[in-house]
Amino acid sequence: MNSTTNITSAQWIQVGGENKFINATIDGQVFMVPFDTNNKHYVEILKQVADGDLTIDAAPVLDEE
């Protein structure tokens, strides 16, 4: 992947109250991206965040009753 990868949205997904995945739209496709430095999408997301080109939105707040 390179800087031509078009990531149009990214949002944390929590499991058990902890961020575990990133739900991201990449080149028009939705991916559940795991925290894995061997995953090319995860690496590209981190790069774009570090470059200031992408922000990862907070996880949705789910009501537990």
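Biologist: In what order do the three strands of the open sheet lie, and in which sense do they pair?

Modeller: The order is 1-2-3, and the pairing is antiparallel. The edge strands are strand 1 (7–15) and strand 3, since each pairs on one side only. Neighbouring strands of the sheet are turned by 25° against each other on average, direction ignored. Such angles run from 0 to 180 degrees between N-to-C directions, with axes being lines fitted to C-alpha atoms, for helices over the stretch in contact. Please keep in mind that this is a predicted model, where local features need pLDDT of at least 70, side-chain atom pairs count only at pLDDT 80 or more, and totals for chains, interfaces and linings use all residues. Residues are numbered from 1 along each chain as its sequence is written, and side-chain values use heavy atoms, leaving out hydrogens and water.

Biologist: What makes strand 2 and strand 3 a pair?

Modeller: Two strands pair if DSSP finds at least two bridges between them. Strand 2 (residues 18–26) and strand 3 (residues 29–34) have six bridges, in the antiparallel sense. Strands here are DSSP runs (E, at least two residues), as are helices (H or I, at least four), numbered from the N terminus.

Biologist: How many aromatic pairs does the structure hold?

Modeller: There are two. Rings of Phe, Tyr and Trp (its six-membered ring) pair if their centres lie within 6.5 Å; planes under 30 degrees apart count as stacked, over 60 as edge-to-face and the rest as tilted.

Biologist: Why is the pair of Trp12 and Phe35 called edge-to-face?

Modeller: The ring centres of Trp12 and Phe35 are 5.5 Å apart and their planes stand at 75°, so the pair is edge-to-face. This pair links distant parts of the chain, with Trp12 in strand 1 and Phe35 in the loop between strand 3 and helix 1, 23 residues apart.

Biologist: And why is the pair of Phe35 and Tyr42 called stacked?

Modeller: For Phe35 and Tyr42 the centres are 5.6 Å apart and the planes are at 25°, so the pair is stacked.

Biologist: Is Tyr42 buried or exposed, and how do you know?

Modeller: Buried means under 20% relative accessible area, exposed over 50%, and partly exposed in between (1.4 Å probe, protein chains only). Tyr42 has 13%, so Tyr42 is buried. Trp12, at 23%, is partly exposed, and Phe35, at 37%, is partly exposed too.

Biologist: Why do you say that the buried residues of helix 1 line one face?

Modeller: Those residues are His41, Tyr42, Glu44, Ile45 and Gln48. Seen down the helix axis, they fall within an arc of 165°, so they line one face of helix 1. The arc is that of the directions from the helix axis to the C-beta atoms. On the other side of helix 1, Lys40 and Ala50 are exposed.
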